[in-house]
Every structure is written in C-alpha cells, then in structure tokens.
There are 2 protein chains.
Amino acid sequence: MGVGDVSKRILLGRKLRSSQLGETLLPKRIALPVFASDALSSVAYAPDEVFIMLSLAGASAYVWSWKIGIAVALVMSAVVMSYRQTVHAYPSGGGDYEVATVNLGAMAGTTVASALLVDYVLTVAVSISSGAQYAASAIGALSGHEATFASIMVLVLMAINLRGIRESGTFFAFPTYAFMVAILGMCGFGLLRLATGDLPHVESAGLHIQPDPGYGSSMSTFALLFLLARAFSSGCAALTGVEAISNGVPAFKKPKSKNAATTLLLLGMIAITMMISVIVLAKKMGLKYVDPNQMDRLTLDGKPLPAGYDQHAVIAQIARAVFSDFSPGFYAVVTVTGIILVLAANTAFNGFPVLGSILAQDGYAPRALGSRGDRLAYSNGIVFLAFMAIILIEMFNAETTKLIQLYIVGVFVSFNLSQLGMIRHWTRHLKTETEPSERRRMVRSRAINTVGLTFTAVVLVIVLITKFLAGAWITILAMIIFFLIMRGIRRHYDNVQAELAADEEDKIMPTRVHAIVLVSKLHKPTLRALAFAKATRPNVLEGVYVASDPAATSRLLEEWDERNLGVPLKVLHSPYRELIKPIVDYAMEIKKANPRGVVAVYIPEYVVGRWWEQLLHNQTALRLKGRLLFAPGVMVTSVPYQLRSSQIAREREERELARVRPGDLRRGQVSGGESHKGQIQR
Amino acid sequence: MGVGDVSKRILLGRKLRSSQLGETLLPKRIALPVFASDALSSVAYAPDEVFIMLSLAGASAYVWSWKIGIAVALVMSAVVMSYRQTVHAYPSGGGDYEVATVNLGAMAGTTVASALLVDYVLTVAVSISSGAQYAASAIGALSGHEATFASIMVLVLMAINLRGIRESGTFFAFPTYAFMVAILGMCGFGLLRLATGDLPHVESAGLHIQPDPGYGSSMSTFALLFLLARAFSSGCAALTGVEAISNGVPAFKKPKSKNAATTLLLLGMIAITMMISVIVLAKKMGLKYVDPNQMDRLTLDGKPLPAGYDQHAVIAQIARAVFSDFSPGFYAVVTVTGIILVLAANTAFNGFPVLGSILAQDGYAPRALGSRGDRLAYSNGIVFLAFMAIILIEMFNAETTKLIQLYIVGVFVSFNLSQLGMIRHWTRHLKTETEPSERRRMVRSRAINTVGLTFTAVVLVIVLITKFLAGAWITILAMIIFFLIMRGIRRHYDNVQAELAADEEDKIMPTRVHAIVLVSKLHKPTLRALAFAKATRPNVLEGVYVASDPAATSRLLEEWDERNLGVPLKVLHSPYRELIKPIVDYAMEIKKANPRGVVAVYIPEYVVGRWWEQLLHNQTALRLKGRLLFAPGVMVTSVPYQLRSSQIAREREERELARVRPGDLRRGQVSGGESHKGQIQR
C-alpha cells in the first residue's frame with residue numbers, strides 16, 4: 001500500500017489492532033474470579049453487620065439471623081436472575097448506565113452514573129476498612145491503627161494503579177479460588193463438626209450482650225420490625241458487586257451473553273452458599289458480636305471486658321474455632337479474606353476509568369477520559385478515587401459498620417433504575433415482536449425483572465428509612481453533586497457544539513499567507529524552520545527577532561547577512577526582555593492590515609529528552625503558543641528539531657502508550673496471559 | 001508604517017517602551033529607602049548577637065561591647081568605600097556577580113552567585129525570625145510560637161509576591177524613614193537623658209549573668225580572644241545588605257553612579273550611627289542579654305528567673321526604658337522595627353528573581369527566568385525561596401542567634417571575591433591608562449579596594465573559624481550544591497548549543513509538503529483548518545480521521561461527501577480508542593515514503609476561556625502536539641478557533657502581562673509612583 005498515494009479511506013485498522021493490544025476473551029473459569037471478587041468479598045463483612053444490628057436487642061435476637069440471611073439470599077437471587085436478562089439484552093458492556101439511558105432517558109442514566117461513581121469510592125473505603133480489620137485480627141499490633149493502615153493500603157493501591165497494573169486472569173484467579181476454597185472448606189468442615197456434634201464455640205461465645213436501652217425484652221413489635229429491617233438492609237451489603245458482570249460482557253468468550261449469564265448464576269450461588277453458611281455457623285457457635293464502638297455492652301460473667309479486648313471479625317472467629325488445633329487453617333482463611341478484600345477495592349480502580357470512558361463518550365465527563373491514550377486523565381481519576389476513599393476512611397475511622405450505612409443506597413438506586421429500564425425494554429420490544437415463542441420469552445423476562453424491581457424497590461425503601469440519618473444522606477448528597485457536575489459538563493459540550501456548528505460561510509479561503517519565523521539564534525532549528533516555512537511558499541516570509549540586548553542583536557544581524565538567506569529579518573525591540581507580547585502584537589498588526597489573509601507563525605523548537613532538560617528549554621515557546629491561540633486568524637506551527645537526547649523521551653512515550661490501563665481487562669482489551677502473548681509490549 | 005511592507009529591521013521599540021512599562025528612575029531620597037531596608041534592619045539583631053556572645057563570659061565582658069561595635073563600624077566603612085568604587089566601575093547592575101565574572105572568571109562568578117542565592121534564603125529566614133521576636137515582645141501571646149508565626153509570615157510574603165506586589169518608592173520610603181526616625185530618635189532621647197544623668201535602666205539591668213563554664217573570670221587570653229572574635233563576627237551581621245545598591249545602579253537617576261555612591265555613603269553613615277548608639281545605650285542602661293536557650297544563666301538576686309520570664313530584644317528593652325512613661329513610644333519603635341524586618345525579607349523576594357534573570361542570560365539558570373514575561377519561572381523561584389526559608393526557620397526554631405551563624409559566611413564570600421575582582425579591575429585598567437590624573441584616581445581606588453579586601457578577608461577567616469561548626473558548614477554545603485547545579489545547567493546549554501550549531505547542509509529545502517488536517521468532526525474549527533491548510537498550497541492535502549465507532553465514522557463520511565470539500569479523507573481505524581498513536585504512525589509512514597519531503601500536521605483547536613473549560617477541551621490536541629515533536633520531519637500547526645468565552649482568557653493574559661514582577665523596581669523598570677502613572681495598567 002503506497003502511502004504517498006492519496007487513495008481515499010484506506011483502512012489501517014488491521015495493522016494497529018494486532019500490533020498494539022492483544023485481544024483476549026475470557027473463558028468462564030477466568031471470568032468468574034475476575035468479576036466475582038467484589039461480590040464475594042462482601043461475605044467478609046455482610047454477616048458481621050447483621051449480627052451487629054441484631055445485637056442491639058441482645059443475643060436473643062440472633063434467632064432472626066438465619067431468617068435475615070435467607071431474605072438477603074432471596075433478594076440476591078432475584079437480582080441475579082434480573083441481571084441475567086440484562087446481559088442478554090445489553091451485551092455491549094454499558095451495564096446499568098446503558099439500560100437506564102436507553103430506556104428511561106438521560107436523566108436516569110446520569111443518576112445511575114452518579115450512584116456508580118459514589119459506589120466505587122465506597123467499595124474502596126469499605127473493602128479496605130474491612131481488610132484492615134482482618135489484618136488486625138491476625139496481627140495484634142495493628143489493632144487501634146486500622147484507619148492509618150487502611151489509608152496506607154489505599155495509597156499503595158493508588159500507586160500500583162497509577163503505575164498501570166497488569167490485571168490478568170491469573171492475577172484474580174488464584175486468590176479468588178483460594179478464597180472460595182478457604183471459606184467453603186471452613187464452612188464445610190464446621191458443618192461436618194456440627195453434624196458429628198463436635199462443633200466448638202467461638203471465642204466470644206461465653207460473653208453476654210447487654211441490649212441497647214430502648215431495645216431488649218420489652219421492645220415493641222414496631223421496634224422489633226425496625227430492628228429487623230435495619231439488620232436486613234445491612235445484610236444487603238452482600239449484593240454489592242453483583243452488577244459487575246453486566247459491565248463486562250464484551251470480555252467474555254463467545255457466546256458472550258450466555259457465558260456471562262452462566263457465570264452470573266454461578267457467582268450468585270456461591271455467594272449465597274457462603275453467606276448462609278457463615279451466618280448459620282456463627283449462630284450455632286455462639287457468636288456474640290456488637291458495634292465496636294459499644295464494646296462496653298459485652299460483659300463476661302457480669303463484669304466488663306478487660307480494656308485490651310479485641311473483637312475479631314466473624315469469619316476470623318469462626319476460623320479460629322473451627323480449626324481449633326490447626327492455626328495455619330486460621331491464618332490461611334484470614335489471609336485470603338484480606339487479599340480478596342484488596343482485590344475488591346482494586347476492582348473499583350479498574351471499573352472507575354471504564355465508567356469514565358463511557359461517560360466521556362456521551363459528553364458527561366471530560367472528553368480526554370474517552371481516549372485510551374490519555375494517561376493524565378486516567379491518573380486524575382485514580383487519584384480522585386483514592387483521596388475520596390481516604391477521606392471517608394479517616395472520617396469514619398475505618399469502621400466498616402459506619403461505612404456500610406453509606407454504601408448500600410447507591411447500589412440499590414442503580415439496581416432499581418436498571419430493573420425499571422429492563423421492564424420498559426421488554427414492553428417496548430413486545431410492541432413490535434410478533435413471533436409467539438419470542439414473545440413468551442420476553443414476557444417471562446419482563447416478569448423476572450418485575451420481581452427483581454419489586455424486591456430491590458422494597459430494599460431501597462428500607463435502606464432509605466433505616467439508613468438515611470445514619471449516613472445515607474452523605475451518599476445522596478454526593479450523588480446529587482456528581483449528577484449536577486455531569487449535567488453541567490454535558491451542557492457545556494452542547495453549547496460548544498452549537499457554537500461550532502458549520503455553516504456556509506466557513507468555506508471562504510484566506511487570500512494570502514504572511515509567514516513569520518521566530519528567530520532567537522541562527523542555529524539548526526531556526527534554519528530548519530526557515531526551510532520548512534519556505535517550502536510552504538507563503539506570500540510573505542520574514543524572520544522576526546525580539547531584541548533586548550544591542551550587542552546580541554548586531555551579532556545576529558551580521559550573521560543573518562552573511563548567511564544570505566534570502567529572507568528579510570524584522571527586529572522587534574523589547575528593552576524590558578519581554579518576548580511574548582511583542583510577537584503577539586506584531587502578528588495581530590499583520591492580521592489587521594490584511595483581514596482576509598492569515599498569519600502563519602513558525603516556531604523553531606529543539607526537543608530534548610530528559611525531564612530536567614525539558615525544564616531548561618522551550619518554556620517560552622510553550623507560553624507563546626498558548627498566547628497565540630487567542631489571536632484570531634493566526635496559525636502557529638512548531639518546527640521541531642530533535643536533539644540526540646530526545647530519543648530517551650521518544651522511547652519513554654512508546655513504553656507509555658503500550659502500557660496497560662486500569663480497566664482494560666474488563667473491556668476485553670488485554671491479553672489475559674492465554675494467547676497473543678508475544679504481541680504485548682510491557 | 002505599513003506592516004505588509006517588508007521593510008527590514010523596523011524598530012517597534014519606541015511604542016512598546018511607552019505602552020507597557022513605565023520607566024522611572026529613583027532620586028536619592030527614594031533610592032535610599034528602597035535599597036536600605038535590608039542593611040538598616042540588621043541593627044535590629046546585630047547588637048543583640050554581640051551581647052549574647054559576650055555574655056558567655058558574664059556581664060563583665062560587656063566592657064568590650066562598644067569596642068566591638070567600633071570594629072564592626074570600621075569594617076562597614078571599608079566595605080562602603082569599596083562598593084562606592086564598584087558602582088562607579090560597574091554601573092550596569094550586575095553587582096558582585098558581574099565584578100567577579102569579568103575579573104576573576106566564570107568560576108568566581110558562579111561562586112558569588114551561589115553565595116548570593118544562599119544569602120537571599122537566609123535574609124528571609126533571619127529577618128522574619130527577628131521580626132517574630134519583636135512581635136513577641138509587643139504581643140505576649142506570641143511568645144513560644146515564634147517559629148510558627150515566622151513561617152506564616154513567610155507564606156504571606158510568598159503569596160503577596162506571587163500575586164505580584166507593586167514595589168514602589170513610597171512603599172519603602174515611609175516605613176524606612178519611620179524606622180530611622182524611631183531608632184535615631186530613641187537613641188537621641190536616650191543619649192540626652194544620659195547627658196542629663198537621667199538615663200533609666202532597662203528591664204534586665206537588675207539581673208545577673210552566670211558565665212558559661214569554661215569562660216568567666218579564670219578565662220585564658222586565647223579564650224578571651226576567641227570570644228571577642230565570635231562576638232565580632234556575629235556583629236558583622238550588620239553588614240548584610242550593604243551590597244544591595246551595587247545591584248541597583250540602573251534604577252538611579254542620572255548621574256547614576258554618583259548618586260548611587262552618595263546614597264551608599266549615606267546608608268553606611270546611618271547604619272553605623274544606629275548600631276553604635278544602640279550598643280552604647282544598651283551597655284549604659286545595664287542590659288543583660290543571653291542566648292535564649294540558656295535563660296537559666298540569668299539569675300535575679302541569686303535565684304533563677306520565673307518560668308514565664310521572656311527576654312525581649314535589645315531595641316525593645318531600650319525603647320521600653322527610654323520611653324518609660326510613654327508607652328506609645330515603645331510600641332512605635334517595636335512596630336517600625338518589625339515592619340522594616342519584613343521589608344528586608346521582601347527585598348530578598350525581589351532580589352532573587354533579578355539575580356535569576358542575570359544568571360539565566362549567562363546560561364547558569366533556566367532560560368525562562370531571563371524573560372520578564374515568564375510568570376511560571378518567577379513563581380517557582382519565589383516558592384523555592386519561601387520554602388527554603390521556612391525549612392531553616394523550623395529547623396532552627398526561628399532563633400536568630402542560631403540562624404546568624406549561617407548567615408554571614410555567604411555575604412563575606414561575595415564581599416571577598418568582589419573586592420579581589422575590583423583590585424584586578426584597576427590593575428588591568430592601569431596597564432592601558434596613560435592619563436596621569438586618571439591613573440592617580442585608579443591607584444587610589446585600588447588602594448581602597450585593597451583595604452576593603454583586607455578587612456573582609458580577616459572577617460571571613462574569623463567567621464569561618466568561629467562559625468564553621470556552629471552552622472556555617474550548612475551554608476557552604478548549600479553553596480556547593482547551587483554551584484554544581486549552575487555549572488551543570490551551563491554545561492547542558494553549551495552542549496545543546498554545540499549540537500545545534502548551524503553548518504552548510506542546513507540550507508537544504510524540503511522538496512514537497514504533505515499536509516494532513518486532523519478531523520474529529522465537521523465543524524467550524526475543522527473547516528477553518530482545512531481552509532488555512534489549503535491556503536498554504538501543499539503538494540498533497542488530506543483530512544485524517546481516527547475511527548473507533550463505526551456509526552460515527554459513517555456519519556462523518558456522509559457529511560464529508562455532502563460538503564464536497566475537494567479534499568480526500570483518510571480513515572485510520574483504532575478499535576481501542578487510541579488517538580495519538582495512529583496519527584503519529586501515519587505521519588511517520590508518510591515521512592518514510594518521502595524522506596526529502598516534510599509532513600505538515602494541521603490540528604484544529606477551539607479556544608475556550610475559563611479554566612474548567614480548558615480541562616474539558618484540547619487535552620488530546622496538547623498531548624498529540626507534544627508527541628509529534630519527537631517525529632523528525634513533521635511540523636505541527638495549531639489552527640485555533642476562538643469561542644466566545646476565549647475573550648475571558650485573553651483579557652486575563654493581558655492583565656497578567658501588564659502585571660508588575662518582583663524586582664522590577666530594582667531594575668528601574670517600574671513607575672515608582674512619581675510619573676508615567678497613567679501608562680501603567682494594574
């Protein structure tokens with residue numbers, strides 16, 4: 001293919017496609033761990049929250065624990081079934097945002113996007129806070145420093161993601177499967193010991209819980225219902241992350257939707273099994289668990305606990321008891337739980353830019369987020385996410401119990417809008433569909449989504465009632481702020497588009513080109529710029545020199561004459577060493593003298609490679625270019641001259657462009673290590 | 001003057017000169033306060049340091065105080081006389097740096113520059129720390145928080161200077177004259193009361209000083225000599241700032257050198273009078289003054305002082321006693337002293353960029369510092385200065401006594417090199433000068449500089465011996481670091497210059513121009529870029545579109561055909577939404593196919609005005625331009641399209657360019673408020 005040949009619309013796609021990024025689709029066994037870490041990791045804290053809420057009424061209320069577990073499992077089944085419909089209907093990876101936008105309009109879409117943005121921040125805050133709790137269970141020295149430890153962990157995650165972590169299938173597969181094996185193994189072993197009548201008690205079994213004043217035995221039915229509602233809504237934290245697969249359908253192997261739906265079903269079943277098992281075991285093993293801020297409500301033989309007593313997470317307590325005489329078992333469970341929580345947080349770092357890029361394409365986020373190459377935009381997003389998470393962690397002292405109050409509302413807002421959207425979707429399609437079997441399928445799907453909506457709507461109402469004052473208002477406020485910012489950005493882009501829309505007069509050609517080449521010295525870059533400018537055959541061509549030192553000026557003039565360049569040199573005097581203004585003024589003056597012409601300013605630049613070299617050069621050229629952009633009818637041309645050291649920067653840039661970006665795996669844009677391996681440049 | 005007319009070398013200087021900056025030269029009565037604040041303000045701390053050093057041997061050693069004062073005065077006279085020679089011989093404002101560079105070579109010049117850079121930092125640290133001490137004298141609540149107060153003051157100064165403070169004659173004149181009147185008035189009144197036998201004692205007169213172990217009555221002669229040397233070298237802090245006028249000769253009214261020399265003489269006389277008066281009065285009024293870290297050496301009637309006792313600065317003690325029954329007098333003295341100390345610190349903020357600009361012109365500092373318009377470079381310098389000063393203040397807890405140990409060595413390094421340079425200067429001129437009267441003048445000048453060198457060399461040796469371990473090593477280390485950085489920058493610029501030197505082959509013209517116009521949409525900016533590119537009549541012209549979305553691509557192609565632009569459109573496919581790399585690769589491919597041609601890339605840009613709008617636009621264009629600079633044989637043209645809001649940015653830029661920069665006054669580049677007032681745009 002000749003390049004000089006101006007053949008129209010030649011496709012260069014094929015070449016790029018294979019050279020830059022490997023495209024590897026995920027088989028189910030890899031996709032499950034990639035998308036499951038967020039959803040499964042909530043088993044590490046959701047049961048704890050159920051027990052904490054119930055403990056307000058004393059340990060006797062724990063009889064409700066498995067019933068609440070089943071209620072949560074029911075909701076989760078409904079949600080999983082609903083999302084199986086979504087992945088079939090919207091396989092493009094837009095997820096809830098796309099469903100809401102297409103079926104309910106831009107307002108609903110933006111609302112979902114706001115909810116998801118807030119959720120990503122909370123996923124990081126909650127997962128890492130819970131992880132810090134597990135770390136403190138295993139390493140006593142961390143007790144009391146959870147917030148600091150959690151903040152540092154967030155910074156570490158931020159740094160790793162800024163550097164560009166290579167999310168790969170194996171990266172997720174091992175820890176996620178290890179977590180499943182550990183938790184299911186622990187529960188299986190525990191249930192076995194239960195069956196043989198050999199189930200030991202957990203460390204907190206001997207304690208007594210003082211009911212919170214206002215609850216306890218004399219509690220009214222209404223108060224009991226409210227308490228159960230609170231416990232239930234906290235338990236619904238187990239549902240967070242279930243929606244992740246709906247954003248990742250493009251990354252699945254074909255048949256994409258079917259595989260995604262199967263994986264989703266698998267995920268739901270595993271999550272429900274884990275959660276119910278943990279709750280049942282904990283109850284059977286005599287767990288006593290209260291809000292860590294109300295440790296004085298725990299007593300031992302009527303006396304308060306010693307000051308140093310530390311309440312360990314539910315899974316940690318179960319693991320310690322079940323593996324009573326085998327401490328590696330305990331450490332293994334706690335370690336994989338910690339790792340899966342960190343992976344869940346990392347998920348947010350990967351999902352955030354994916355969402356950002358979709359929003360950018362729709363004009364709700366800065367355009368730069370939409371282009372994969374823009375590392376700066378990505379970095380800003382990652383830093384923003386990390387700092388928001390740290391603020392929350394520090395504000396709430398890394399207490400999962402408090403952060404949970406903020407968490408669930410966002411998730412359920414998007415669940416609801418998404419289900420509503422899906423119902424509309426089916427209704428719309430039913431209007432045109434005539435094939436009876438297809439119609440039956442659609443009606444069934446719509447019924448599933450209706451059930452889903454009913455469940456999630458009930459949960460959302462319960463969450464809003466029970467959690468609004470406890471912190472959900474912060475989430476809602478943050479959602480409103482994100483919402484307004486996104487609408488504002490979109491409005492701005494719309495206004496700009498209107499102002500830029502082409503009309504007929506835009507075809508008028510400028511009559512003449514007046515080119516000026518900026519001269520600071522007579523060196524290679526200047527000569528090259530002069531040659532390039534000459535090659536464009538402008539109507540007028542002159543060199544322009546800003547003079548502040550008479551000696552240097554006369555030296556330059558002599559050299560200019562000697563070289564016999566055939567181009568006149570104009571000298572602009574600037575006694576106070578100003579460079580920018582004289583040039584801008586001169587360019588504007590030329591333009592004014594010839595309003596239908598165009599002024600072409602050629603700036604010779606020499607390109608260096610090391611960062612400190614860049615500080616030493618071209619700062620003025622950069623400012624001048626920025627300034628000239630404001631001059632109408634002036635175009636600015638950089639004529640670069642590459643110094644030897646520029647090679648360093650070129651290589652750095654190339655490494656940079658080839659680097660993996662957070663979220664690539666989720667979009668099916670990165671080799672998962674299975675194939676195309678040779679084509680990836682690290 | 002027609003602009004289209006390509007008349008060679010037309011001078012536009014006149015117009016700029018009068019439109020942009022007023023040029024106002026300072027009469028002596030204004031120049032004195034402008035350049036004196038640094039030198040005079042040292043009266044606020046130099047006597048204190050003399051008394052602190054002598055106190056090591058007990059109050060009996062205070063008999064030496066006025067003799068040390070006279071020794072310092074002698075050195076100061078010698079230095080003043082020497083600098084009077086400098087301002088005559090080097091009226092261009094280069095000061096010590098120029099003298100050393102011209103006469104002793106670049107190494108000496110860079111050494112002086114390093115010393116001056118370190119000095120600017122220390123001027124800020126010492127002046128503000130001393131000012132904080134005075135503030136604590138007047139406002140009891142500040143006692144014990146001097147370091148915090150001082151750091152905040154530095155930040156305030158930084159902010160003011162970043163904003164661009166308008167240094168004007170009146171800005172300095174009032175406080176400086178007020179300080180002179182206050183101090184001289186206080187001393188005069190004190191001496192009057194001494195003459196009438198009515199001189200009261202200061203607050204510390206009744207105290208007793210415990211000599212430091214090792215000093216005291218049994219001290220050896222050597223120890224006494226060493227003590228006196230230490231006291232003397234601390235007293236020499238009074239000389240800092242004397243050299244300022246030699247950097248400011250261009251700002252004086254004509255005859256510049258003569259006026260500068262007279263002002264210098266005046267300054268010396270006032271400084272000496274103040275210092276001697278303060279020392280004599282303090283001694284007569286029974287001052288007892290020790291290192292604030294050794295307050296336990298002060299006793300009252302054999303008993304230690306109460307814990308809350310606060311030792312006030314010498315001038316504060318004198319003022320309180322002299323104006324015994326007139327507290328406004330005390331407050332006036334303390335207030336103007338505090339103000340003059342802040343002004344002295346501000347002097348460093350103004351001198352620093354002036355030095356930076358001279359160094360930049362010689363290639364020892366980033367070039368950008370040499371251009372008045374580069375606000376960023378200036379800002380970096382100011383922030384750097386402030387942060388270094390804050391580090392010192394916090395490290396030494398704002399204790400002037402400790403900071404003084406670092407201060408004087410830098411000053412005297414430049415004094416010495418400058419005097420040595422002046423001697424060489426006269427010797428060199430004597431070789432060619434034949435006129436006897438002129439020769440006599442030169443011989444006399446050389447003698448004065450020789451005396452100056454002798455004095456300053458002795459002081460430098462004493463300072464090095466007495467202060468090296470006490471902190472001067474830090475200064476010397478910092479000087480070495482600055483020195484190495486400056487040499488490194490210069491070496492880099494030299495290497496670049498060698499690599500860029502023009503040779504014959506640089507006249508080769510490219511044979512053809514292949515122009516590509518980047519297209520993202522078919523809007524006004526794209527149409528303008530196409531029109532401009534067409535106007536340059538390239539050999540090949542085509543639009544280039546990076547396609548990642550098939551729907552958008554076919555929409556664009558349709559529109560392109562409809563518009564019938566007469567330019568072919570090339571589509572580069574980029575399934576992963578990369579923008580930069582496809583374009584760069586394509587440009588490089590064109591270049592490779594036609595090595596003697598040049599590729600012109602036209603980038604349509606729309607220009608917005610508000611900062612947040614800039615975040616939303618052109619980020620990709622900016623990155624692409626940066627990336628294309630590394631592609632040899634490719635020139636990059638920005639074709640701006642100004643949106644309505646760009647007006648905001650243009651106006652902001654214009655305000656910015658018209659703004660006063662720190663140091664302008666010292667270079668005679670700003671209206672001092674006396675004339676041209678109407679021409680300055682604030």
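**View 1. Strand E8 of chain B is covered on both faces in this predicted model.** One side carries Val634(B), Val636(B), Ser638(B), Pro640(B) and Gln642(B). The other carries Met635(B), Thr637(B), Val639(B) and Tyr641(B). Every one of these residues is buried. In a regular strand, side chains alternate between the two faces of the sheet. Nine of the nine residues in E8(B), 634-642, are buried, so the strand is largely enclosed by the rest of the structure.

**View 2. E8(B) pairs with strands from chain A and chain B.** Strand E8 of chain A (residues 634-642) runs antiparallel to E8(B), joined by three bridges. Here Thr637(A) stands opposite Thr637(B). Strand E7 of chain B (residues 598-607) pairs with E8(B) in the parallel sense, over nine bridges. In that pairing, Val601(B) faces Val636(B).

**View 3. Ile318(B) sits in the largest nonpolar core.** This core has 162 residues. Phe35(B), Leu40(B), Ile318(B), Leu359(B) and Phe412(B) touch the most other members. Beyond its neighbours within four places in sequence, Ile318(B) contacts Met186(B), Val202(B), Val278(B), Leu281(B), Ala282(B) and Met285(B). A second, separate core holds 161 residues, including Phe35(A), Val72(A), Leu199(A) and Ala238(A).

**View 4. Three strands of chain A form an open antiparallel sheet.** The order is E1-E2-E3. Strands E1 (208-209) and E3 (303-304) are the edges, each pairing on one side only. Two bridges join E2 (residues 298-300) to E3(A). Thr299(A) has Pro304(A) as its bridge partner.

**View 5. Chain A is assigned two domains.** Domain 1 covers 25-211 + 225-492, and domain 2 covers 510-658. Their centres, taken over C-alpha atoms, are separated by 57 Å.

Key. Residues numbered from 1 in each chain as written. Chains lettered and ligands numbered in written order. Predicted model: local features only at pLDDT ≥ 70, side-chain atom pairs only at ≥ 80, totals over all residues. Heavy atoms only, no water. Pairing = 2+ DSSP bridges. Helix = DSSP H or I, 4+ residues; strand = E, 2+ residues; numbered from the N terminus. Core = buried A, V, L, I, M, F, W, Y, C linked by side-chain atoms within 4.5 Å. Buried < 20%, exposed > 50% of the residue type's maximum accessible area, 1.4 Å probe, protein only. Contact = heavy atoms within 4.5 Å. Domains from an automatic or database assignment.
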